[in-house]
Amino acid sequence: MGKIPSSTVTIRVAVFLRLLLLSLLTSATAAHAATERSFSVGIVPQLEIRQIHDIWTPILNELQQRTGYTFKFSGSASIPEFERQFSAGQFDFAYMNPYHQLLANNRQGYIPLVRDIGSELHGILVVKKGAIKNINELAGKSIAFPAPNALGASLMMRAELSNRFKLNYHPIYVKSHSSVYLNVLLGVTPAGGGIDRTLKQQPENIRNNLEVIYRTAGFASHPFVAHPRVPLEIQQQVQQALLDFAATSRGKALLNQVPFQQLGSTHYDDYKPIAALGLEQFYVQE
């Protein structure tokens, strides 16, 4: 058998290497495409994780049907953990409070897509019905808050209690809005900070036995945001899918549980007024 010319061997090796490189590139492209079609979604844990899952699972399933992408709920055990996660850019999409939007934009460039344009965010101070009538009655007492940096329920409320009312009190952080309301109802603390939307989501036996004695000033409500690594085209598809879904009777009912009562598009400028509140002195870095 004759010897194969070295030039022929060189050509065969070159062809083999090209085919191998093409195969690797094709596999890498396919893997990237598969990854690009799956997105993580973080939800600020104002409620218990089961409630959040029940509210958002049908919404994310609908997004998948309307866009062809997969959206995976990425849970957070607490608001501080949620803050660490979005600060590290762990979520492709997220639902967060307005002050978180400022932080998330500054740290990772998160972009607001939609929000409830029919209502503003107010912090509320709740007490057991008939127990306390005046904020000054809380002097020296403990007040429950979900977390130090929950905007309406804690940051804005603590700022106004301190700056406007000059109230001396002891803050207690109980991880979620639901826990705040339960602590107040059971008399663990005489008062607690929350927001209207989470109070409305409580079971009737809790909601009907609490009353609001104070509301803070109002600002643009919680946005659904996108990380800038998500291609602009996909951001726009998700935004439009949510707006289209909100225009249906089923979508309105499901989104109302978030709650998004009147969903509309939003942008970063809507949240700039919050930066002027001087909340930095009340923000707790954890």
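Let's start at Val 188, which sits in the loop between helix 6 (177-185) and strand 9 (191-195). Helices here are DSSP runs of H or I with at least four residues, strands are E runs of at least two, and both are numbered from the N terminus. This is a predicted model, so local features need pLDDT of at least 70 and side-chain atom pairs count only at pLDDT 80 or more, while totals for chains, interfaces and linings use all residues. Residues are numbered from 1 along each chain as its sequence is written, and side-chain values use heavy atoms, with hydrogens and water left out.

Back to Val 188. Is this residue buried or exposed? Exposed, with a relative accessible area of 54%. Buried means under 20%, exposed over 50%, and partly exposed in between, with a 1.4 Å probe and protein chains only.

Next, salt bridges. Side chains of opposite charge can pair when their charged atoms come close. The rule asks for a side-chain nitrogen of Lys or Arg within 4 Å of a carboxyl oxygen of Asp or Glu. How many salt bridges does that give? The count is 8.

Look at helix 2. Arg 50 and Asp 54 both lie there, 4 residues apart, about one turn of the helix. Their side chains form a salt bridge at 3.4 Å, N to O. Arg 50 is exposed at 55%; Asp 54 is partly exposed at 46%.

Helix 2 also holds Glu 62 and Arg 66, again 4 residues apart. Their closest N and O atoms are 2.8 Å apart, in a salt bridge. Glu 62 is buried at 15%, and Arg 66 is partly exposed at 37%. Arg 250 is linked with both of them in a network of salt bridges.

One more pair: Lys 133 and Glu 211 meet in a salt bridge at 3.8 Å, N to O. Lys 133 is in the loop between strand 6 (123-128) and strand 7 (142-145), and Glu 211 is in strand 10 (residues 210-215), so the pair ties together parts 78 residues apart in sequence. Lys 133 is exposed at 61%. Glu 211 is partly exposed at 21%.
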